[in-house]
Amino acid sequence: MKPQPYKFKLSKAVHKFEWDGRTYFWKRSPLCPHKPLVYFVMHLCARVLKISTGSWSLPGLRSRETEKLTQYSASGLNIPRVVTTYKNAWFIMLGEGDCLEKSIVDRSDEEKIIMLCRCADDLLKWHSLGHHHGASQVRNLILTDSQDIVRIDFEEELELVFLPDALKVIDLFLMAGSLNQLFLDREQRQKVMALIMLHYLRNSSDMNLNSIIFRLFLWFQRASYLLRMYPGKLGTDAIRILDLEKCLQIVTKEVYAKSQS
Ligand SMILES: Nc1ncnc2c1ncn2[C@@H]1O[C@H](COP(=O)(O)OP(=O)(O)O)[C@@H](O)[C@H]1O
Ligand SMILES: [Mg+2]
C-alpha cells in the first residue's frame, strides 16, 4: 500500500498558542460554543454592561473534563498541567509535547511496537489505580521530550458501569483499534493489535493462558455488543471490528501454540 503523508488537524475545541516561549492549549467544553477571542470579547462586553452570560456554567451543563483532570492529577497520573480553568467552560493546559501518533509515525516498526507496549503498560497502571481514559486512541496520547506518555482528552462519558470491565475493554480496544496511520498494512496492523492486547493481558494478572483466551473472547463479545449499542461513538472512530476478530484469531493461535509446547 502506498503510504499517505501524515495529516494531523487540531479539533475545533482546541486552540494552540505560544506565550513566553512555551506552548499552551486552550480547550473549551463541547457546551461552550465560542472561539477564544469571541468568548473573551463577549464576556468583557457582558461585564461592562453588567449582564450575565455563560449558561454552560449551570450545574447540569458541566463538562467533566476539568474535574477529571484534577482527580487524575491527585492520583499522580501523567496528564497535562492545567494552568487555569473557567467555570467548566474552558481551561488552559501546558503543551506537553507532540501527539504520539505523529511523533512515532516515521519510526521503525519495531520502535513503534515497543512504544505501543509501553502505552499498554501505562493503560494498565491507570486501570489498576481504578481510573479509565475513555478516549485512549493514539492521537490522545502525548509523547513528551523526556519520552514520557501523557494522556489527554477526557470528555467521553459512556455510562457503561453496568458491564464489568467495560471501560477497560473500551480503553484497550480504542487504543489497539487506532493504529491505521501507524501500520498501513492491514495484516500487520492486526498482528500488532493482537500483540498489544496480549501484552496488556499477560501483565494484568497471573492468569494462565487458557483464562487469557477466555477473557479475550469475553471482551470481544462485549466489544461487539458495545459497537452495536454505540455505533456512532465507537464504530466510526477507531474500532475496526473485523480487524479485531482477526486479531483475536491470531492471539488465540499464538497462546494455544505456546500452551502446547
Ligand atoms: N496538553 C497538550 N499538549 C500537547 N498537545 C495537545 C495538548 N492538548 C491537546 N493537544 C493536541 O490537540 C489535539 C486535540 O486535543 P483533544 O484534547 O484530544 O481534543 P478533542 O477532544 O477535540 O479530540 C490532540 O490530539 C493533541 O495533538
Ligand atoms: Mg482527542
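**Ligand shell, sheet and helix contact**

Modeller: The shell around ligand 1 takes at least three residues from domain 1 (14-94) and at least three from domain 2 (98-260). Please bear in mind that this is a predicted model.

Biologist: Which residues come nearest to ligand 1?

Modeller: The shell around ligand 1 divides into nine nonpolar, four polar and five charged residues. Among the 18 residues around the ligand, those that come nearest are S11, F25, P80, C99 and D153.

Biologist: What is the order of the strands in the open sheet?

Modeller: Strand β2 (residues 22-28) is joined to β1 by six antiparallel bridges, and β2 is joined to β4 (residues 90-94) by five, also antiparallel. β3 and β4 pair over four bridges in the antiparallel sense. The open sheet of four strands therefore has antiparallel pairing and the order β1-β2-β4-β3.

Biologist: Which strands stand at the edges of this sheet?

Modeller: Neighbouring strands of the sheet are turned by 20 degrees against each other on average, direction ignored. Two strands have a single partner strand each, so one side of each is left without a neighbour in the sheet. The strands at the edges are β1 (14-19) and β3 (82-86).

Biologist: Which residue is the bridge partner of V82 in β4?

Modeller: Elsewhere in the sheet, W19 stands opposite R22 in β2, and R28 stands opposite W90 in β4. For V82, the bridge partner in β4 is M93.

Biologist: Which residue takes a positive phi in the hairpin of β3 and β4?

Modeller: The hairpin has three residues between the strands β3 and β4. The positive phi is near 45 degrees, and the residue that takes it is K87.

Biologist: At what angle do the axes of helix α5 and helix α6 cross?

Modeller: Two packed helices are described by the angle between their axes and the distance between the axes. Here α5 passes α6 in a right-handed crossing. The axes of α5 (residues 166-176) and α6 (residues 186-204) come within 9 Å, and their crossing angle is roughly 145 degrees.

Methods
Residues numbered from 1 in each chain as written. Chains lettered and ligands numbered in written order. Predicted model: local features only at pLDDT ≥ 70, side-chain atom pairs only at ≥ 80, totals over all residues. Near = placed C-beta within 6 Å. Nonpolar A, V, L, I, M, F, W, Y, C, P; charged D, E, K, R; others polar. Domains from an automatic or database assignment. Pairing = 2+ DSSP bridges. Axes fitted to C-alpha atoms, helices over the stretch in contact; angles between N-to-C directions. Left-handed = near helix turned anticlockwise from the far one by under 90°.
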